[in-house]
Structures are given as structure tokens and as C-alpha cells.
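Subject: Structure for you to look at

Dear colleague,

I am handing over the structure below, and my notes on what was found in it follow. Please keep it open while you read.

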Amino acid sequence: MGAYGRGSGSGDTIACANQKGGVGKTTTVVNLGAYLALAGRSVLVVDLDPQGNATSGLGIEKSSVANSIYDALCDATPPDQLIVRTSIARLDLVPASLSLAGAEVELAPLPQRERRLSRVLGPLTERYDHILIDCPPSLGLLTVNALTAAGSVLVPLQCEYYALEGLSQLVATINLVRDHLNPDLALRGVVLTMFDSRTLLSAGVRDEARRHLDGSVYDTIIPRSVRLSEAPSYGLPIALYRPESKGAEAYAALAREFLAREFAARDSLSGPALTVIAPVAFPDAPSSSAVAP
Ligand code: ATP
Ligand code: MG
């Protein structure tokens with residue numbers, strides 16, 4: 001085992017994805033990751049978004065990053081040299097840098113372009129219990145790399161109008177990746193975010209999501225919380241910024257549910273516990289050009 005990570009190496013790699021912008025991908029990766037680490041798991045957050053919000057949200061100055069995920073994807077920097085520690089024990093980060101903005105174009109002509117991240121993360125999976133990949137808000141090559149490297153996808157769904165519409169596009173891409181690149185990719189779960197209990201709209205999206213996605217939707221719902229939106233400007237997960245806030249309680253509960261589902265899946269003798277997304281689940285799903293046949 002190297003200097004970083006103390007995991008059992010379960011190889012649990014999770015892509016947090018939704019091509020809609022601002023739905024809570026980064027907030028979920030940072031705070032779920034933090035609470036899993038506080039619960040004793042070793043966690044690696046991989047910032048695959050050129051915006052670098054997970055990097056700054058975990059208190060790492062983007063301009064001071066020596067090696068970012070870009071250097072490994074496009075320049076063959078060894079994975080060992082990418083990892084930085086965060087303010088939470090057992091929570092490490094592979095940061096993003098501004099150069100990641102050019103990665104989609106640079107990766108495009110390379111052989112095995114969809115499998116670059118998978119190769120980078122391969123040696124790291126044995127060191128961490130969970131690797132959480134924060135995807136950019138698109139279904140381009142970076143997100144396809146994340147879906148190819150991951151065992152499952154975690155989808156934050158903002159409790160807003162149009163939330164479910166975008167989902168069919170995401171599911172189409174997940175199904176294409178399963179067909180061509182990563183047959184074992186499963187849906188880990190859907191997290192309802194920014195829930196506002198005062199609005200009928202939030203309740204409507206919650207009910208719709210549960211109706212369409214059945215058991216995939218986590219019982220834990222993340223409420224809209226000013227504290228959650230403030231925490232990144234201090235470079236801290238909510239667990240360190242305002243542990244007593246409603247948003248903190250919600251992400252702590254999400255981590256507990258995440259772990260409980262994992263235990264239940266392990267104990268289950270009735271085959272794979274993770275839902276595999278049926279291609280028929282969203283009949284209106286458009287095809288995506290991001291995945292090479
Ligand atoms: P992008 O697609 O741009 O990467 P994202 O899906 O990663 O966005 P976040 O960055 O996590 O979304 O959240 C978008 C904005 O909403 C941020 O300013 C964040 O601080 C805020 N936010 C996230 N979750 C909540 C919440 N539960 N309550 C209030 N604000 C939130
Ligand atoms: Mg983000």
C-alpha cells in the first residue's frame with residue numbers, strides 16, 4: 001500500500017453524472033465523500049470537471065495543483081503523483097486543472113480514448129474503498145470516460161421542472177456505454193437534491209422520480225440549504241463547515257443509507273443488488289454520438 005488510501009480495495013468506482021448543469025453533482029461528491037470518510041471508509045474524489053469545483057470545494061487551490069487528472073489522461077503522469085490530501089482524514093483528491101478544458105479535443109484522436117480514465121484509476125482502486133468521480137455537465141468524452149471507468153452511476157436529480165426530461169438522455173448514454181464499453185455498468189442510485197418542502201413542484205418531481213425509477217431513488221432527500229451553498233467558498237465539506245445544519249444532516253443520512261444499501265447488497269443472495277437500467281425504461285431516449293460504436 002502506498003502513502004495514500006487505506007482501503008480494502010473494493011474497487012467501488014462511482015461516476016456522479018447528470019448532463020444538466022448545477023443539479024448538485026459536485027456538492028454530492030464532496031459531501032457524500034466526506035461523510036463516508038468520517039464513517040471510516042477511504043475515499044478518493046476524482047475531479048473530472050474542467051470547472052474544478054470539487055477541487056476548490058475541498059480547499060485545494062486550482063492554480064497550485066502540480067499534477068491534475070489532465071496530466072494523467074493526456075500526458076501519462078503516473079496515478080501516484082496525482083493524489084492530494086484534504087482536510088478530512090481518509091478523503092483524498094485527484095484535482096482538476098484549467099488544462100482539463102482542452103482534454104476532450106486532445107483525447108479525441110487517441111486510441112482507446114474512452115478507456116483512458118479507466119487505465120489511470122486501475123492502480124488506485126486497490127487503495128480506496130470508494131472512488132467518486134465528479135463529472136462535468138455534458139455527455140462528452142470526459143463523462144463517457146467516467147462511465148467506462150465506473151462500476152456504477154450516481155445521479156443527482158434537482159427537484160425542478162425538466163429534471164426528468166434530461167434523464168432520458170443520460171440513460172441513453174449509460175445504455176450505449178453498457179453496450180459498447182462497460183457491460184457491467186449499473187445505476188447506483190438517484191439522489192433528489194435542492195428539495196424545497198414549500199413547493200408543490202419539488203414534491204411533484206420527487207413523486208415522479210419514485211414512480212419512474214422505483215427503488216433506485218434514495219429515501220434520503222437533500223433539502224435546499226444555504227449552508228451547503230456557502231461551504232465551498234470556505235473550501236470545506238459541510239461536515240466541517242456547519243455539521244449541525246440541515247444540509248449536513250441530510251448528507252450524513254445519505255452516507256448512512258449508501259452504506260446500508262451496500263450491506264444489504266452484500267447480504268443478498270438473489271443476484272446483483274444494483275439495478276441495471278433496462279433500455280426500455282425510457283422509450284423516448286435519444287441516441288448519443290458521444291460513444292463510438
Ligand atoms: P455543474 O453542472 O456546474 O458541475 P453541479 O451539478 O456539480 O454543477 P453543484 O455545483 O453541486 O452542481 O451545485 C450547483 C450550485 O448549487 C452550487 O452553487 C452549490 O453550492 C449549490 N447547491 C448544491 N446543492 C445545494 C442545496 N442542497 N441547497 C442549496 N444550494 C445547493
Ligand atoms: Mg459540478
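**Around tyrosine 251**

Once its neighbours within four places in sequence are left aside, tyrosine 251 is in contact with Asn31, Leu32, Tyr35, Ile222 and Ile238. Please bear in mind that this is a predicted model.

Tyr251 is one of the buried residues of α11, a group that also includes Gly247, Ala248, Leu254 and Phe258. The cover over the buried residues of this helix includes α1 (25-38), β7 (186-195), β8 (217-223), α9 (226-230) and α10 (238-241). As for its length, helix α11 (residues 246-267) has 22 residues and should span 32 Å at 1.5 Å a residue, which agrees with the 31 Å between its end C-alpha atoms.

Tyr251 also belongs to the largest nonpolar core, which has 86 residues, and is among those with the most contacts inside it, together with Ala15, Val45, Ile69, Ile133, Ala146 and Leu147. The helix that gives the most to this core is α7 (residues 163-180), with 8 residues.

Two of the covering elements, β7 and β8, run parallel and are joined by 3 bridges, and valine 190 has valine 217 in β8 as its bridge partner. With helix α8 (residues 200-213), these strands make a right-handed β-α-β unit.

Finally, ligand 1 is surrounded by 20 residues, of which Lys25, Thr26, Thr27, Pro137 and Ser229 are the closest. The elements α1, β7 and α9 each give two or more residues to this shell, and the largest share, 3 residues, comes from α1.

With best wishes

Conventions. Residues numbered from 1 in each chain as written. Chains lettered and ligands numbered in written order. Predicted model: local features only at pLDDT ≥ 70, side-chain atom pairs only at ≥ 80, totals over all residues. Helix = DSSP H or I, 4+ residues; strand = E, 2+ residues; numbered from the N terminus. Expected span 1.5 Å × (residues − 1). Buried ≥ 20, exposed ≤ 12 C-beta atoms within 10 Å, placed from the backbone. Contact = placed C-beta atoms within 7 Å. Core = buried A, V, L, I, M, F, W, Y, C linked by C-beta atoms within 7 Å. Pairing = 2+ DSSP bridges. Right-handed = clockwise from strand over helix to strand, strands pointing away. Near = placed C-beta within 6 Å.
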